[in-house]
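Here's a quick tour for anyone meeting this structure for the first time. Take a look at the display, then read on.

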Amino acid sequence: MTRRVRRSVSGHYAGAISRAAAAAIDGLLIAGLYTLGVAGFGYLLDMFTSTSLTGDRSTLLGIAAFAIWAFSYVFISLAITGRTIGKGLAGLRVVRADGTAPGVRTMFVRTLVFPFSVIFFGIGLLLIVVQREHRAVHDLIAKTCVVYDWGDRSAEMPGPLSDFLNRAQSDSPQP
């Protein structure tokens, strides 16, 4: 019996589906944690001061607080570990375009320009689908890319796909 060799995808550019899954997880975490924080703060404020968070100015303040929270969540996660919780669960890491670890300034720029990828109906995100390195506008501006990285454990292709690629490679003429 021959041992099946599975190909590694660690270090390869992450595709649109894995990046979308990571973004969905992060979006749920950002909204959920923000909601819990506001509810807890509102409860404590009401309990100790009999003041409510509702009012005419609360909407604008809430939007600003949410934006600051979302920026902080993404920036701090990327600056410390090179990934957010969503990216970590999807096995993704943000690296510089040359594959090295990015600095704090690079992650700040990437997080700051992310809204430009989303503005105008997400046209900046379409580059993930059509570009060879799967880099969005914010990746191009910050000179970063997103790769598969499961840490010490290698990210592997599914067995049938590895078998197909191994057969295709062994069937091709060698120079």
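## Layout

In what order do the elements of the chain run from the N terminus on? The order is α-α-α-β-α-α-α-β-α, which is to say 7 helices and 2 strands. Keep in mind that this is a predicted model.

Of the chain's 175 residues, 29% count as buried. Take the contacts between residues at least 6 apart in sequence: 72% of them join residues at least 24 apart. The accessible surface comes to about 11,700 Å², and 68% of that belongs to carbon and sulfur atoms.

## The core

The largest nonpolar core has 10 residues, among them Ala14, Phe75, Leu92, Val94 and Tyr148. Helix α2 (58-81) and the strands β1 (92-96) and β2 (144-148) each supply at least two residues of this core.

Leaving aside residues up to four places away in sequence, Val94 touches Leu78, Met107, Arg110 and Val146, among others.

## Aromatic pairs

The chain has 5 aromatic pairs. In one of them, the ring centres of Trp69 and Tyr73 sit 6.2 Å apart with planes at 50 degrees, so the pair is tilted. Both residues lie in helix α2, about one turn apart. Trp69 is partly exposed at 30% relative accessibility, while Tyr73 is buried at 7%.

Phe75 and Phe108 make an edge-to-face pair, because their planes are at 85 degrees, with centres 5.5 Å apart. Phe75 lies in helix α2 and Phe108 in helix α4 (residues 104-122), so this pair ties together parts 33 residues apart in sequence. Ring pairs also link Phe71, Phe75 and Phe108 into a cluster.

Terms used: Residues are numbered from 1 along each chain as its sequence is written. This is a predicted model: local features need pLDDT of at least 70, side-chain atom pairs count only at pLDDT 80 or more; totals for chains, interfaces and linings use all residues. Side-chain values use heavy atoms; hydrogens and water are left out. A nonpolar core is a set of buried Ala, Val, Leu, Ile, Met, Phe, Trp, Tyr and Cys residues joined through side-chain atoms within 4.5 Å. Buried means under 20% relative accessible area, exposed over 50%, partly exposed in between (1.4 Å probe, protein chains only). Helices (H or I, at least four residues) and strands (E, at least two) are DSSP runs, numbered from the N terminus. Contact means heavy atoms within 4.5 Å. Accessible areas come from the Shrake-Rupley method with a 1.4 Å probe; for residues, only the protein chains shown count as cover. Rings of Phe, Tyr and Trp (its six-membered ring) pair if their centres lie within 6.5 Å; planes under 30 degrees apart count as stacked, over 60 as edge-to-face and the rest as tilted.
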